[in-house]
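Visitor: I have not looked at this one before. Can you walk me through it?

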Amino acid sequence: STWKGAKSALEQLSIDFPNDGQVALLNANVRVHEKNFAGSLDFLERCLADADMHIELFSQVTLQTFELMSGKTDWDKAYAFLQKAVAAFPKEPRFVAMQGDLWMSISKFQEGQKSYLKAARNGGGKFEVWTRIIQLDFEMNTLDSVIVHAQEALEAYPNQGFLWFQMGFAQ
């Protein structure tokens with residue numbers, strides 16, 4: 001397959017350019033296609049030192065890698081990796097939001113919501129993050145928080161009928 005041919009070429013590039021984050025990212029992506037969680041995560045770790053990393057692609061491969069997790073040990077490795085990613089890219093809130101996703105994957109709603117709120121309030125207030133926050137308010141039956149968070153989200157997304165509906169429903 002194409003991936004097998006690419007893998008040997010990319011492994012050679014990794015030897016020739018061990019500090020190149022883009023090469024590491026391509027290697028991580030090959031490991032995703034091989035369904036190799038640990039291998040992909042190892043290459044993603046190398047990407048953290050590259051200040052010119054293409055964040056959008058890096059986050060996509062990170063999410064694909066996390067889909068390969070199985071068990072507590074992988075979860076722990078994923079969370080430790082995200083802590084490093086947050087430190088490496090402090091202005092990039094999507095990694096904090098991913099921490100929220102990880103917490104949610106083990107039904108730790110309060111921890112998940114804390115991560116989502118931190119991401120939303122630090123410039124990562126994507127509409128999807130706000131909807132997760134509000135869904136969690138409903139899950140935890142904190143209707144007062146629904147109103148507060150919907151109002152906060154409406155400052156960024158005043159034309160989103162979903163937010164108006166959720167706020168009205170909570171009242």
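Predicted model: local features only at pLDDT ≥ 70, side-chain atom pairs only at ≥ 80, totals over all residues.

Guide: One term to begin with: helix axes are lines fitted to C-alpha atoms over the stretch in contact, and angles between them run from 0 to 180 degrees between N-to-C directions. With that in hand, the axes of helix H4 (residues 55-66) and helix H5 (residues 72-88) come within 11 Å and cross at roughly 165 degrees.

Visitor: Which way does H4 run relative to H5, parallel or antiparallel?

Guide: Angles over 145 degrees count as roughly antiparallel, so H4 is roughly antiparallel to H5. The crossing of these two helices, H4 and H5, is left-handed.

Visitor: Which residues in H4 and H5 meet?

Guide: From H4 there are Phe 58, Thr 62 and Phe 66, and they meet Ala 78, Phe 81 and Leu 82 in H5. The residues of this contact of H4 with H5 divide into 5 nonpolar, 1 polar and no charged.

Visitor: Which elements have the lowest and the highest mean pLDDT?

Guide: Among the elements of the protein chain, the lowest mean pLDDT, 82, belongs to helix H1 (residues 2-16), and the highest, 97, belongs to H5.

Visitor: How many helices and strands are there in the protein chain?

Guide: The secondary structure comes to 10 helices and 0 strands. Along the sequence the pattern reads α-α-α-α-α-α-α-α-α-α.

Visitor: And what does the C-alpha trace span along its principal axes?

Guide: About 60 × 30 × 30 Å for the protein chain.

Visitor: Back to H4. At what angle does H4 cross H6?

Guide: Roughly 10 degrees, where the axes of H4 and helix H6 (residues 94-105) come within 11 Å. That angle makes H4 roughly parallel to H6. On the H4 side the contact is made by Ile 55, Glu 56, Phe 58, Ser 59, Thr 62, Leu 63 and Phe 66, and on the H6 side by Arg 94, Phe 95, Met 98 and Leu 102.

Visitor: How many residues of the contact of H4 with H6 are charged?

Guide: There are 2 charged residues, along with 7 nonpolar and 2 polar.

Visitor: Phe keeps turning up. Which residues do ring pairs link into a cluster?

Guide: Phe 58, Phe 66, Phe 81, Phe 89 and Phe 95 are linked that way. The structure holds 12 aromatic pairs.

Visitor: New topic. How do H8 and H10 pack?

Guide: Helix H8 (residues 127-139) and helix H10 (residues 161-170) pack at about 15 degrees with axes 11 Å apart, and are therefore roughly parallel to each other. The crossing of H8 and H10 is left-handed.

Visitor: Which residues make that contact of H8 and H10?

Guide: Phe 127, Thr 131, Ile 134 and Phe 138 of H8, with Phe 162, Leu 163, Gln 166, Phe 169 and Ala 170 of H10. They divide into 7 nonpolar, 2 polar and no charged.

Key:
Residues numbered from 1 in each chain as written. Heavy atoms only, no water. Helix = DSSP H or I, 4+ residues; strand = E, 2+ residues; numbered from the N terminus. Parallel < 35°, antiparallel > 145°, perpendicular 65-115°, else oblique. Left-handed = near helix turned anticlockwise from the far one by under 90°. Contact = heavy atoms within 4.5 Å. Nonpolar A, V, L, I, M, F, W, Y, C, P; charged D, E, K, R; others polar. Phe/Tyr/Trp six-rings, centres within 6.5 Å; stacked < 30°, edge-to-face > 60°. pLDDT = per-residue confidence, 0-100.
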